[in-house]
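User: I'd like to learn how to read the way helices pack. Could you start with the general idea and then show me the case here?
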Amino acid sequence: MPPQYPQRIGNWWLGDCLGSGYSGAIFKATNIYTHEVVALKLQELDHECPTNRYERGFYPSLQGGEGMPTLYASGVEAGFDFLAISLLGSSLDSLYRKIGRNIMDLRSVCCIAMQVISRLEFMHSRGILHRDIQLGNCVIGLPPDEKKIYMIDFGFSKRYIDPRTGMHIEESNKKRDFIGNYWFTSVKVHCKGKIPTRRDDMEALALMLIHLLTPGGLSWTRNGVPKTDAAHNRLKREKLAAKSEDLCRGLPDVFEEFLRYCRRLKFAERPDYEEWRERFMDLAVNSGYPEDDVFVWPPQAEPSVHVTPTKPPHSGNLQRLEGILKDLAELKLTEPRQVLGVRANAINVPNAQKAARPKKAKATDPGDASVIVISTDGENDTAPKAAAVRLTKAEQLTELTSMAQDATDNVMLARVVRQFAEVLETSKSKSLTKEGFAFLDALYKQLADPSVYVVPMRTSRTRSGTQQEAAPNEADARRAKMDKLFSLRRDVGTAKSNRMLAKMASEFGVCIDKSRGRTITKDAVGFLYGLADRLRVMP
Ligand SMILES: Nc1ncnc2c1ncn2[C@@H]1O[C@H](COP(=O)(O)OP(=O)(O)OP(=O)(O)O)[C@@H](O)[C@H]1O
């Protein structure tokens, strides 16, 4: 028998029911004094699974985070445990159902990925796991916040950082009861009884994204909620047996890589939120969508490609490559090339075609770092621009890495470093990605000695996110990073040799890599500009 809900709780008059389930119901409600409208979540006090009580405990820690509902009041009244929270819009589940359980469009899925990664990053930064990532628990806001995704339902949430000690919870092999949802809870938690940590929230997100792009959804979701233990066990077996490559067949690679990454994370490892936000942003941009994470619903029918008018309206990767090759073919290279630095065992001079790799001029639009010009001339370019193509940040950085590898004198290298700094400075995302680290590796190699192979500082994604830090150390680490970047920026102008600059570039890379978020700060950009200036005047 569903409970009899009162007409009024606290200061709120109950209105329409927004949703109800096993654990209670949620109503639109109006404050009798202020007329403010909220969502009122009610649960009977003697409910066998008192999720509202748990949720009440987590809400205060989550206040102020983007995409976290505001908690207006909570308490117990008339036999109900209630929470008055921001009134929000439709859940992703209801949007997905309305499109007939077919697949969601790629842009929407990329935006969901970027936004939910940010929500998880915030929750995790507060020491809390969500533990029930699913479409019904991601809701869009009401206008003017309808492009923002909110996380709701913290009834299953759990602290993974002990608030008294600041330490991460311990791993244990003791079997535990399953808490989560059938569809998206990670394999380790759902099928192997492991203790959930940050990695499991991330895996649940990965499965949810794959579900949205799979016609009919993930196979184990197709028979509905299991009603018996036998059916549940069958579902678990199916989930356990499903290989990442099978789940992601036909999808862009990033989905399989994301799922694999989440499954490889160690128990206490911090997920690399920035990296994956960036990867989904790159996927969206490469597919011709705008460089942002706003969730536009209903989706636009066609990708809106922003290319300069010198290119055909839709230019995919292939066309971009063709353009670059054409520009390359038109280049005439006769000038003799200097060798970088003073070295006996100098760099192998690359073949003419490679040496002719076009240089990039500044971004044509400072607000859009991904529009760059491939030019046939040097810095004081007076020749007509060959072509303008849109490249993603990753592509630009990769291109700059090649240019750094090919640089044969300090002036040339200075120019490339300056462009690198410009890309980082103007890019929307402020984190140094693996392509950025690859550039630093190439720079280091050129400065230290281009004839020797240098072990990369960090070009492999498997080394990312190895911090297992507890919250209190973060402030110290951040301060140390700020101090280091400040001194690097201050001292770069006094470096006396390429080797000294190489050492600084290496310290710079290590410092950024160690920092949370690998954020490029003002001092970081300042250091790079300083390095470029120093190289330009270095004999
Ligand atoms: N703040 C809100 N504003 C508008 N609708 C909401 C809000 N919170 C929840 N809903 C709607 O109610 C549904 C159930 O909400 P929620 O998951 O918080 O409750 P629950 O009782 O824990 O549900 P379940 O038992 O299904 O997990 C959501 O899917 C959403 O459609």
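Analyst: Axes are lines fitted to C-alpha atoms, for helices over the stretch in contact, and angles run from 0 to 180 degrees between N-to-C directions. Helices are DSSP runs of H or I with at least four residues, strands are runs of E with at least two, and both are numbered from the N terminus. This is a predicted model, where local features need pLDDT of at least 70, side-chain atom pairs count only at pLDDT 80 or more, and totals for chains, interfaces and linings use all residues. Residues are numbered from 1 along each chain as its sequence is written. Here, helix α16 (residues 498–514) packs against helix α17 (residues 522–537) at about 165°, and their axes are 12 Å apart. Angles over 145 degrees count as roughly antiparallel, so α16 is roughly antiparallel to α17.

User: Which residues of α16 and α17 make the contact?

Analyst: Two residues are in contact if their C-beta atoms, placed from the backbone, lie within 7 Å. From α16 come Leu501, Ala505, Phe508 and Ile512, while α17 brings Ala524, Phe527, Leu531, Arg534 and Leu535.

User: Is lysine 41 buried or exposed?

Analyst: A residue is buried if 20 or more other C-beta atoms lie within 10 Å of its own, exposed if 12 or fewer, and partly exposed in between. Lysine 41 has 28 C-beta neighbours inside 10 Å, so it counts as buried. Lysine 41 sits in strand β4 (residues 37–44). Across the protein chain, 40% of the 539 residues count as buried.

User: How many helices and strands does the protein chain have?

Analyst: The protein chain has 17 helices and 13 strands.

How values were computed. Angles under 35 degrees count as roughly parallel, over 145 as roughly antiparallel, 65 to 115 as roughly perpendicular and the rest as oblique.
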